[in-house]
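Work through the exercises below with the model open. Each task is followed by a worked solution.

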Amino acid sequence: GKFIHRKAPELAIRAWKSAATDLPSGSRLVMYGEGPLRPEMQALAGKLGLDGSIELPGRVSQPEVVAALRSRRGLLFTSLRDTSSTQILEACASGTPSVSLRHPGVNGLDLWYPRNAGWAAEAKSWGGAIRNLSSAIVACLNAPDNEWAIRSGRCTDIASGQTWEAKADRMAQIYLSLMSRG
């Protein structure tokens with residue numbers, strides 16, 4: 001990940017703070033990556049008293065990311081502008097549902113990522129985004145295992161449809177359909 005304004009790391013931290021009292025004991029937010037906002041976000045986590053529940057380990061290897069995704073309950077996706085999130089796709093490939101925002105800057109995700117594969121939070125204002133994202137985080141981390149397993153299965157199905165082979169098959173079907181119209 002990148003600690004830049006477009007990825008809204010402050011939103012993730014403030015929503016985590018808002019959710020903190022309703023989270024299962026031992027819950028942690030781990031924010032990987034580098035960028036100009038990382039020191040500021042580390043300071044914000046400390047200022048909000050979240051040092052024990054938020055980690056910012058910096059850049060890690062791809063195998064470490066995959067291992068982390070496979071062992072986590074959810075991916076928190078706070079991007080303000082993104083239509084093809086590789087982070088959500090990587091999480092889906094690991095069977096990990098996402099907690100994401102729903103707003104015009106990320107509506108392109110709806111083309112391939114049905115929001116019932118995770119938890120989506122409406123974002124019409126900064127305060128509303130924090131409040132709704134906080135509720136979605138709580139819902140994800142407190143979801144009964146059977147509900148979480150259903151969403152995890154949806155994620156795995158999504159990822160299996162995003163391979164290059166599956167995309168090529170869909171394109172071939174479209175071309176054949178167009179050609180048959182003469």
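**Exercise 1.** List what Ile137 touches beyond four places in sequence, and decide whether Ile137 is buried or exposed.

*Solution.* This is a predicted model. Start with the location: Ile137 sits in helix α5. Next, collect the partners. Leaving out residues up to four places away in sequence, Ile137 touches Ala15, Trp16, Ala19, Leu23, Leu76 and Val99. Take Leu76 from that list. Ile137 and Leu76 are 61 residues apart in sequence, yet their C-alpha atoms are 7.8 Å apart. Now check accessibility. Buried means under 20% relative accessible area. Ile137 has 4%, so it counts as buried.

**Exercise 2.** Find the largest nonpolar core and say which element supplies the largest share of it.

*Solution.* The largest nonpolar core holds 34 residues. Those with the most contacts inside it are Ile13, Trp16, Met31, Ile54, Leu133 and Ile137. At least two residues each come from α1, β1, α2 (38-47), β2 (54-58), β4, β5 (119-122) and α5. The largest share is that of α5, with eight residues. Apart from this core lies another, of 15 residues, including Val65, Phe77, Leu109 and Tyr113. As background, nonpolar side chains tend to be buried together in soluble globular proteins.

Beyond its neighbours within four places in sequence, Trp16 is in contact with Leu23, Ser27, Arg28, Leu29, Leu50, Ser53, Ile54, Ile137 and Leu141.

**Exercise 3.** Show which residues of α3 and α4 are buried, and what covers them.

*Solution.* Begin with α3. Its buried residues are Val65, Ala68 and Leu69. Seen down the axis of α3, they fall within an arc of 100°, so they line one face of the helix. The face turned away carries exposed Pro63, Arg70 and Ser71. The cover over the buried residues of α3 includes β1, β3 and α4.

Repeat for α4. Here Ile88, Ala91 and Cys92 are buried. They span an arc of only 100° around the axis, so they lie on the same side of α4. Thr86 and Ala93 are exposed on the other side. Among the elements covering the buried residues of α4 are α3, β3, β4 (98-102) and α6 (145-160). Just after α4, Gly95 takes a positive phi of about 75°.

**Exercise 4.** Describe the lining of the largest pocket: which residues lie nearest its centre, and which element gives the most?

*Solution.* Take the volume: the largest pocket holds about 1100 Å³ of space. Then the lining: it has 39 residues, and Val30, Met31, Tyr32, Leu75 and Leu76 lie nearest the pocket's centre. Sort the lining by type: 19 nonpolar, 12 polar and eight charged. Sort it by element: α1 (9-19), β1 (29-32), α3 (62-71), β3 (75-77), α4 (86-93) and α5 (126-142) each supply at least two residues. The most come from α3, with five.

Key
Residues are numbered from 1 along each chain as its sequence is written. This is a predicted model: local features need pLDDT of at least 70, side-chain atom pairs count only at pLDDT 80 or more; totals for chains, interfaces and linings use all residues. Side-chain values use heavy atoms; hydrogens and water are left out. On a 1 Å grid over the protein atoms alone, a cavity is a set of points where a 1.4 Å probe fits but cannot get out, and a pocket is an open set with protein on both sides within 12 Å along at least five of seven lines; lining residues have an atom within 4 Å of a point. Grid points are joined across faces, edges and corners, and a volume is the space filled by probe spheres set on the points. Helices (H or I, at least four residues) and strands (E, at least two) are DSSP runs, numbered from the N terminus. Ala, Val, Leu, Ile, Met, Phe, Trp, Tyr, Cys and Pro count as nonpolar, Asp, Glu, Lys and Arg as charged, and the others, Gly among them, as polar. Buried means under 20% relative accessible area, exposed over 50%, partly exposed in between (1.4 Å probe, protein chains only). The arc is that of the directions from the helix axis to the C-beta atoms. Contact means heavy atoms within 4.5 Å. A nonpolar core is a set of buried Ala, Val, Leu, Ile, Met, Phe, Trp, Tyr and Cys residues joined through side-chain atoms within 4.5 Å.
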